[in-house]
Amino acid sequence: MTAVATYTAPGPSLLSAVRRVLGDADEALVCVAFAQVRGVELLRKELSDVAARRSARVLVTTSFGATDPRALAAIVDTKALVGVLNPAGATFHPKVFLGRRGRTIRAIVGSANLTGGLFTNVEVAMGIDGNHDDPALHRLWAWAEETWSDPRVERWVPPLGVVAAEAIEPELLALMQRVAMESPEVYTLGPRPRPNWLREVATSGAWVETERSRERGGAPVFVPSWMLNLAWEALRSRGTLSNRELLDELRVHRSSFVCALLARLPEIERVPGRDIVLRWTGGAPGARECGRRWQADAIQLAIDSSKVHMPLLYFWRADNYRRDLDEGAAFHLNQSSPRLHDVQRGDSVWAFTRDGERYVLAAELVVRAATRNPPGYPYGPYRIWGDRERSRYFAVGGGSEVETLIRGFDLSVGVGALGRSFQGRAAVRRLSPAEHLALVVFSRGLPLEPRARHIDEERLEMAVARASPQVIDETLYDLRDRLSDDRRRWVLREATPRSRVHVETLRKMYRGRCQLCAWESRTAHRVDVCEGHHLQWLSRGGSDAQDNMVLLCPNHHRLVHALDAPLDFRDLTFDLGDHRLALSLNDHLTAA
């Protein structure tokens, strides 16, 4: 007699049903679209057992990039066979789990893939138990066999170097690194709390020292990434998670430590009571999407495709970083790679640098403009300008090591020195929104660089431009509380003195007219009032040269200064934020 039942997730119902289908079988055939390591680990025992009894086969697709090769390696590790079907012009998208023992066939047909979603997603499936004589089960098994035998199916063999271990999710990795940095002693949550010491966090997992391993002088215990990812996903998707569920349902055998670690993370709390139950406080569980759930509320940041277009990561050489601060944090970056201009206004360009033997986070520049530099500019043709109110320079001395987090990103960095992987056209790397979010989480609480203070830049520029020692001294004195000693010394010793010769040359060239609006005062008032504007301000290291100047009327000169508007040499326009102003007169600047 055929029996039909309905199974759902989140929760153990669907997962338990799939385990029963596979666990009681002598032969198993699984046809799903996607696979993750954590999904394989949920069924590792059943796949291993049925493969040892007779055979286990898993058929997936890799067309969408959602199937992790490390998950396929994990399936092969259970001694199951793996096939990959990527039909041209079609999509392989079933979710079928089949088990057979003698003439008995059991099936789960429904919405779940071989992922952590078996426990955490909102899923529904039909379970069918019967025998080979049942027409529906007979046809279902025949379809699965025919699909497995399709000539387009390729037998999957692990490539050299692929290991059956997924990477810790970037946001979770960043939070765990902060725990290890701030206070690595993690106490269990039972009636008699026991200390654990978080010794190392890597993309593959965490190494934990227990009282027992310390007493015996043994090595730290390894907690693999899939356990951490699965617990993190389950808690945030369902809203609560107990130690018993971790141990019995999710088979996380380091459940006490994992619970204790999660309880240290933001917006996670323990539910009062005898049992160890955690609660996610970041929002209603039903409102969260399935799969990767980056909780923007946890860091007061809304991440979506309209707000984060293409965040970037950049390696800032330590000497260049220091020079930028000494000359006055200009909140901009120059680069020869055109990828620097993949950003849009409001995107973030993250910069890291070297502090001794460690790599640390140096800055987050929130882009307000992207411009081309003049032809032949020594530091590359591409420049981005950071929003001074939203961008941040971090204090690099003694800062938190960021190399482990960056190596966990999908950037294909080499095994050597990290900075060497960011050279030439690879100097600027694209980040996914999730990787950007991981850096946001990592940077929370990092001390800011005091030399990158916000000061009255326009006043300082006007003082340097007037080239009066008395005016410069008075300005430096008035700004003493916000001006760093390095910047003050640089202004006094290195800032380029101004010559009136270049202004007079421009007035003669353009007959006293503003290069933006062509207004001139000579005819009506018989006096020159248009002024020379330095494109790179003298107070920021600019030269007092004709190719670093334009002639502007007082109104436009004031506007450009007030908005700190850069000139884009691509089309010789000033970027004013909401619009651009083009030079209407130009005989001395060359477009890039």
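The model is predicted: local features need pLDDT of at least 70, side-chain atom pairs count only at pLDDT 80 or more, and totals for chains, interfaces and linings use all residues. Residues are numbered from 1 along each chain as its sequence is written, and side-chain values use heavy atoms, with hydrogens and water left out.

**Stop 1: a cis bond.** Select Ala-9 and Pro-10. A cis peptide bond joins Ala-9 to Pro-10, with omega at about 10°. Pro-10 sits in the loop between β1 (3-9) and α1 (12-23). Helices (H or I, at least four residues) and strands (E, at least two) are DSSP runs, numbered from the N terminus.

**Stop 2: two positive phi values.** Go to Lys-79, in the loop between α4 (69-77) and β4 (81-84). Its phi is positive, about 80°, although Lys-79 is not a glycine. Now pick Arg-251, in the loop between α10 (243-249) and α11. Phi of Arg-251 is positive too, near 60°. Buried or exposed? Lys-79 counts as exposed, at 67% relative accessibility. Arg-251 counts as buried, at 17%. Buried means under 20% relative accessible area, exposed over 50%, and partly exposed in between (1.4 Å probe, protein chains only).

**Stop 3: the sheet.** Select β9 to β12. They form an open sheet of four strands in the order β9-β10-β11-β12, with antiparallel pairing. Strands pair if DSSP finds at least two bridges between them. β9 (185-187) and β12 (221-224) stand at the edges; each has a single partner strand, so one side of each is left without a neighbour in the sheet. From one strand to the next, the twist averages 40°. Zoom in on β11 (residues 205-210): four bridges join β11 to β12. Look for Val-208, opposite Val-221 in β12.

**Stop 4: helices on the sheet.** Show α7. It lies across β9, β10 (195-202) and β11, at about 130° to β10. Contact means heavy atoms within 4.5 Å.

**Stop 5: a helix pair.** Axes are lines fitted to C-alpha atoms, for helices over the stretch in contact, and angles run from 0 to 180 degrees between N-to-C directions. Among the residues that meet are Ala-174 and Leu-175 in α7, and Leu-437 and Phe-442 in α14.
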